[in-house]
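Visitor: Hi, I'm new to this one. Could you put it up and walk me through it?
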Amino acid sequence: MWKGVVVSIQVAARGGAALAPVAEVRAVAGRGLVGDRYHDRRGTYSERPGNGRSATLIETETLEALRRDHRLELSPAETRRNFAIRDVPLNHLVGRRFRVGEVLLEGVRLCEPCLHLESLTRSGVREALVHRGGLRAEILSTGTIRVGDSVRPEPEPFTHRAARSRAPRPTRRRDPP
């Protein structure tokens, strides 16, 4: 089982504004991060329906790979993601619940890079971040998230249906007519 850590937190007051680092942030269930553009519905895509804008995360290992493999230097704030984290397999959290500090989140979809991100950073970023641009998540419980907080998976709930699907099924034998 993995356990990661929050390395940095970034928020922006409005769409297109530079993200600023903060030591902690208040996460509000169903709303977003206090002080961030999507909490106040002032983000670039706030007028478009959809979920997964409450919080965004990126792996610090991805930023290291960009530097090493593509010679692209990108700070956590330049990624336009709220949290830079270490030692967490974000792609595996789509459809799963996890905790960041005391706050429960659910991975909604991968945060694939877009032309908007590349226009705010530099050429080549979009291509280099395909399938490793981070995770979009919904905030399910209210609380404070701090730099240094742990990131860990929430245990999968046991369901009878899941147990039945793993149990061998009896086979029916048919005799030829």
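Predicted model: local features only at pLDDT ≥ 70, side-chain atom pairs only at ≥ 80, totals over all residues.

Visitor: What share of the residues is buried?
Guide: Of the 177 residues in the chain, 41% are buried. Buried means under 20% relative accessible area, exposed is over 50%, and partly exposed is in between (1.4 Å probe, protein chains only).

Visitor: Which residues in the largest nonpolar core touch the most other members?
Guide: Those are Val 6, Leu 57, Phe 83, Ile 85, Phe 98, Leu 105 and Ile 145, in a core of 22 residues. Strands E1 (4-11), E3, E5 (55-59), E6 (83-86), E7 (97-100), E8 (103-110) and E9 (135-139) each give two or more residues to this core. Apart from it lies another core of 10 residues, including Leu 66 and Leu 117. A nonpolar core here is a set of buried Ala, Val, Leu, Ile, Met, Phe, Trp, Tyr and Cys residues joined through side-chain atoms within 4.5 Å.

Visitor: OK, switching to helices. What do the buried residues of H1 pack against?
Guide: They pack against E1, E5, E6 and helix H3 (125-128). H1 covers residues 60-70, and its buried residues are Thr 60, Thr 62, Leu 63, Ala 65 and Leu 66. After H1 comes Arg 71, with a positive phi near 55 degrees.

Visitor: Which strands form the open sheet, and in what order?
Guide: The order is E4-E3-E10, with antiparallel pairing. E4 (32-33) and E10 (143-146) are the edge strands, each pairing on one side only. Strand E3 (residues 24-28) pairs with E4 over two bridges; two strands count as paired if DSSP finds at least two bridges between them.

Visitor: What about E7, which residues are on its covered face?
Guide: Phe 98 and Val 100 are on the covered face, while Arg 97 and Arg 99 are on the uncovered one. E7 runs antiparallel to E8, joined by four bridges, and Arg 97 stands opposite Glu 106 in E8. The two strands form a hairpin with two residues between them, and Gly 101 in the turn has a positive phi of about 60 degrees.

Visitor: And how many bridges pair E7 with E11?
Guide: Three bridges, in the antiparallel sense. Arg 99 stands opposite Arg 152 in E11.

Visitor: Which side chain makes a polar contact with the one of Arg 152?
Guide: The side chain of Ser 150 does, at 3.1 Å. A polar contact is a pair of N or O atoms within 3.5 Å; within protein, one must be able to donate a hydrogen and the other to accept it, and residues adjacent in sequence count only if both atoms are side-chain atoms. Ser 150 is in strand E11 (residues 150-153) and counts as buried at 19% relative accessibility.

Notes
Residues numbered from 1 in each chain as written. Heavy atoms only, no water. Contact = heavy atoms within 4.5 Å.
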